[in-house]
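Biologist: I am new to this one. Please show me the structure, and then let us go through it step by step.

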Amino acid sequence: MNDMSILDQIVVATKERVKREKKAGLPPQSAPARLPFLFEQRLRKPGLSFICEIKKASPSKGVIAEEFPYLDIALEYEQAGADAISILTEPNSFQGYTRYLAEVRKTVNTPLLRKDFIVDSFQIEQSSRLGADAILLICAIITPVQLADFIQASDTLGLSCLVEVHNETEMEIALAAGARIIGVNNRNLKTFTVDMSNSIQLKKLVPPDIIFVSESGIRTSRDVDLLRQNNVDAVLIGETLMRAPDKKIALDELRA
């Protein structure tokens, strides 16, 4: 019987994947150089920002989108006024691939967040070459020293870092490492249960100059309004939009 959590299993698989990718070498530059830190500049605009996610599947929900025209979805998000687009590139549990990021980069001008399980500095340079404007760093899977090092390495490339935390201890680590964008995942990565109050409670620990993002489980305009009332700067929405037949209408309804 396997006692590892799904998160632990993903991390083990990711480390093996990175070993293979290192042997293959870094990809070519996918697109012309972007403005540095474009992702965080966009999220600093007045009002609530919307990060719209492209993902085919997840460990908690299985396949979310049987049909997966990811380039069309990226264009829909851009036309709907998404402030940024998040793209899953983890293959085993989310059925994502790095080529999705490279291809979407050539299709839209909206800032792109590479959502993966970053465990090695190789993935940071790789993300930049694939055309990402930002990467996700998950406190639960790296050490505090790695977190600080990865933020520094990203800074040299003009990449923003969305640092994901789940509790007060991880929040302290993120702040100490110099995170400028902190995301709270409302979904527990070990049990996959969702609790929106996690964002609301942890927001109280964040200085006002740091961008705060609420992630996962956001389904209705009431959810969005609750987060807006609690001074959240941005929301990351995946499954709700991926299941919507018309993504512009769905995003307009969430904004209402």
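Modeller: One term before we count. Helices (H or I, at least four residues) and strands (E, at least two) are DSSP runs, numbered from the N terminus. Keep in mind that this is a predicted model.

Biologist: How many helices and strands are there in the chain?

Modeller: Both kinds of element occur in the chain. The count is 12 helices and 10 strands.

Biologist: What is the radius of gyration of the chain, and how does the globule rule compare?

Modeller: The globule rule gives 18 Å for 256 residues. The chain comes close to that, so it is as compact as a globular protein of that length. Its radius of gyration is 17 Å.

Biologist: What share of the residues is buried?

Modeller: Buried means under 20% relative accessible area. The chain has 256 residues in total. The buried share is 54%.

Biologist: What part of the contacts joins residues 24 or more positions apart?

Modeller: Take the contacts with a separation of 6 or more. Among these, residues 24 or more positions apart account for 67%.

Biologist: Let us turn to one helix. Is α6 mostly covered or uncovered?

Modeller: Helix α6 runs over residues 122–130. Its buried residues include F122, I124 and L130. In total, 7 of its 9 residues are buried, and α6 is mostly covered.

Biologist: Which elements do the buried residues of α6 pack against?

Modeller: Both helices and strands take part. The helices are α1 (6–24), α5 (98–105) and α7 (144–156). The strands are β5 (112–115) and β6 (134–138).

Biologist: Is S128 buried or exposed?

Modeller: S128 sits in helix α6. Leaving aside residues up to four places away in sequence, S128 touches Q29, L157 and L159. The cut-off for buried is under 20% relative accessible area. At 15% relative accessibility, S128 therefore counts as buried.

Biologist: Which residue just after α6 takes a positive phi?

Modeller: The angle is about 105 degrees. The residue is G131.

Biologist: Now the charges. Which residue forms a salt bridge with R105?

Modeller: Side chains of opposite charge can pair when their charged atoms come close. For R105, the closest N and O atoms of the pair are 2.8 Å apart. R105 lies in helix α5, and its partner lies 28 residues away in the loop between α6 and β6. Both residues are buried, and the partner is D133.

Biologist: Where is R180, the partner of D155 in a salt bridge?

Modeller: The closest N and O atoms of D155 and R180 are 3.0 Å apart. D155 belongs to helix α7, 25 residues from R180. D155 is partly exposed at 28% relative accessibility, and R180 is partly exposed at 29%. R180 lies in the loop between α8 (168–176) and β8 (181–185).

Biologist: R243 forms a salt bridge with E239. Is E239 buried or exposed?

Modeller: In this pair the closest N and O atoms are 2.8 Å apart. R243 has a relative accessible area of 44%, so it is partly exposed. E239 has 15%, which means that E239 is buried.

Biologist: Which residues are linked in a network of salt bridges?

Modeller: The salt bridges number 18. The network links R17, E21, R114 and D116.

Note on methods: Residues are numbered from 1 along each chain as its sequence is written. This is a predicted model: local features need pLDDT of at least 70, side-chain atom pairs count only at pLDDT 80 or more; totals for chains, interfaces and linings use all residues. Side-chain values use heavy atoms; hydrogens and water are left out. The radius of gyration is taken over C-alpha atoms; the globule rule is 2.2 Å times the number of residues to the power 0.38. Buried means under 20% relative accessible area, exposed over 50%, partly exposed in between (1.4 Å probe, protein chains only). Contact means heavy atoms within 4.5 Å. A salt bridge is a side-chain nitrogen of Lys or Arg within 4 Å of a carboxyl oxygen of Asp or Glu.
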